[in-house]
Amino acid sequence: MGRVGFRQRSTKETSVEVSIDLDGRGATAISTGLPFYDHMLDQLGRHGGFDLTVKAEGDLHVDSHHTVEDVAIALGEAFREALGDKAGVRRFASGLYPLDEALVEVALDLSGRPYVVWEVELPESLALGQPPFDPQLAEHAVHSFATAAALTLHVTLRRGRNVHHIIEATFKGLARCLRDAVRVDGAGDGVPSTKGLL
């Protein structure tokens with residue numbers, strides 16, 4: 001068995017199915033009903049090197065919030081399942097990620113202790129895509145994913161003016177850090193923690 005996770009989440013507001021293979025090739029099939037969110041999740045799969053499938057239907061006639069949140073939660077849970085006991089993983093990763101004028105810093109730890117620091121002040125912007133994605137939901141999506149995946153995550157905007165660029169750099173940076181952190185580096189077969197457990 002590979003490092004694969006699957007989650008189904010059904011509420012009165014949404015129906016979500018997510019599958020992820022941490023050792024994939026970056027193949028994605030994303031459908032949330034929100035084209036901009038699909039684009040960001042595609043970045044996560046492709047730049048993370050994960051095979052990622054997301055199918056979601058939600059009450060977009062009300063708002064995009066429920067769909068964004070429930071997809072992020074299901075994805076985080078599937079990611080955590082795929083990690084298993086985390087034996088041999090690198091665990092930590094960080095970097096600076098540019099997209100044109102935008103520069104985002106991402107640092108994470110597969111700690112098993114959910115904690116998120118989000119220092120990304122977005123410029124005023126219209127919603128992105130149609131149906132609309134509220135840019136303020138980017139924080140909620142990242143926070144919900146990290147909490148469900150049990151990550152310690154810091155995201156800091158160094159500079160940027162274009163909201164699309166800032167959010168996309170964030171998702172690409174998160175993807176690359178996840179890719180590095182989950183890599184089995186051969187430094188030992190055990191869990192990379194003095195506790196013996198993550």
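Q: In what order do the strands of the open sheet that includes β5 stand?
A: This is a predicted model, in which local features need pLDDT of at least 70, side-chain atom pairs count only at pLDDT 80 or more, and totals for chains, interfaces and linings use all residues. Residues are numbered from 1 along each chain as its sequence is written, and side-chain values use heavy atoms, leaving out hydrogens and water. Strands (E, at least two residues) and helices (H or I, at least four) are DSSP runs numbered from the N terminus, and two strands pair if DSSP finds at least two bridges between them. The four strands of this open sheet have mixed pairing, and their order is β5-β6-β8-β7.

Q: Which are the edge strands of this sheet?
A: An edge strand here pairs on one side only.

Q: Which residue in β8 stands opposite Trp118?
A: Strand β8 covers residues 152–159, and β7 pairs with β8 in the parallel sense over five bridges. Opposite Trp118 stands a residue of β8, namely Val155.

Q: At about what angle to β7 does helix α3 run?
A: Angles run from 0 to 180 degrees between N-to-C directions, with axes fitted as lines to C-alpha atoms, for helices over the stretch in contact (heavy atoms within 4.5 Å). Helix α3, residues 137–149, lies across β7 and β8, and its angle to β7 is about 160 degrees.

Q: What is the order of the strands in the open sheet that includes β1?
A: This open sheet has four strands and mixed pairing. Within it, β1 and β2 (residues 14–21) run antiparallel and are joined by seven bridges, and Phe6 stands opposite Ser19 in β2. The order of the strands is β1-β2-β4-β3.

Q: Is the crossing of α1 and α4 left-handed or right-handed?
A: A crossing is left-handed if the near helix is turned anticlockwise from the far one by less than a right angle, and right-handed if clockwise. The residues that meet include Phe36 and Leu44 in α1, and Ile167 and Phe171 in α4. The crossing of α1 and α4 is right-handed.
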